[in-house]
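Please keep the structure in view while reading.

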Amino acid sequence: MATRDDLYRKYGEASEAAQLLETELGNLLLEHECIDAGLFKYSDPDRATAIYRRINKQTLGQLIRSLGSIGESNVELDRQLDRALASRNRLTHAFFLQHNNRLNSDHGRDVMLRDLEAIHQQLLEAYKAVFLLSGVDLERRAKEQGDSKLPTDHLPIPT
């Protein structure tokens, strides 16, 4: 039986996956636009800052649409991103509204947890697909490291 803590933790994990997807899409767009602007050859901090700020203001839906303008269309990737966007929007804007009073029963919490797991999985699948555009196969890396989890660790941030 799922507890409230289980639900809130899974909600946070799904939300994190949505933010990771958004960040990776932003990174791809940033790289593409900096290449187009010649910023890897010639320094133009003002132009680089303007590009970054414009991309950073975009919503997930806007990032997905922008991605379509920089590369060849990939039907499967488009489907994954559409599902991820719908899942993220439902998670953010309607998840608790749709589940209403389920939070108050064991069975209801179990239903909610299964829904969150499905949302989380859709977001992670889109995230892995976007990483493949950069030439990084997260599934292969996880297998090479002997770990079934995605290698999402980060370096410690010095304080």
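Helices here are DSSP runs of H or I with at least four residues, numbered from the N terminus. The model is a predicted one, and in it the protein has seven helices and zero strands, which read along the sequence as α-α-α-α-α-α-α.

**Overall dimensions and surface**
- Taken along the principal axes, the C-alpha atoms of the protein fill a box of roughly 60 × 40 × 35 Å.
- Of the 159 residues, 34% count as buried, and the accessible surface comes to about 10500 Å², with 49% of that area belonging to carbon and sulfur atoms.
- The protein carries 21 positive and 25 negative side chains, and the centres of these two sets lie 4 Å apart.

**Helix α1 and the residue that follows**
- Helix α1 covers residues 4-36, and because its 33 residues at 1.5 Å a residue should span 48 Å, the 48 Å between its end C-alpha atoms agrees with expectation.
- Just after α1, Gly38 takes a positive phi of about 75°.

**Nonpolar core and contacts**
- The largest nonpolar core has 36 residues, and those with the most contacts inside it are Leu21, Leu25, Leu81, Leu123 and Val130.
- At least two residues of this core come from each of α1, α2 (45-56), α3 (60-68), α4 (75-93) and α6 (106-133), with α6 giving the most, at 11 residues.
- Leaving aside neighbours within four places in sequence, Leu81 is in contact with Leu21, Ile64, Leu67, Ala126 and Val130.
- Among contacts between residues at least 6 apart in sequence, 69% join residues at least 24 apart.

Key: Residues numbered from 1 in each chain as written. Predicted model: local features only at pLDDT ≥ 70, side-chain atom pairs only at ≥ 80, totals over all residues. Heavy atoms only, no water. Buried < 20%, exposed > 50% of the residue type's maximum accessible area, 1.4 Å probe, protein only. Contact = heavy atoms within 4.5 Å. Areas by Shrake-Rupley, 256 points an atom, 1.4 Å probe, with all protein chains shown as cover. Lys, Arg positive; Asp, Glu negative; His and termini not counted. Charge placed at Lys NZ, Arg CZ, Asp CG, Glu CD. Expected span 1.5 Å × (residues − 1). Core = buried A, V, L, I, M, F, W, Y, C linked by side-chain atoms within 4.5 Å.
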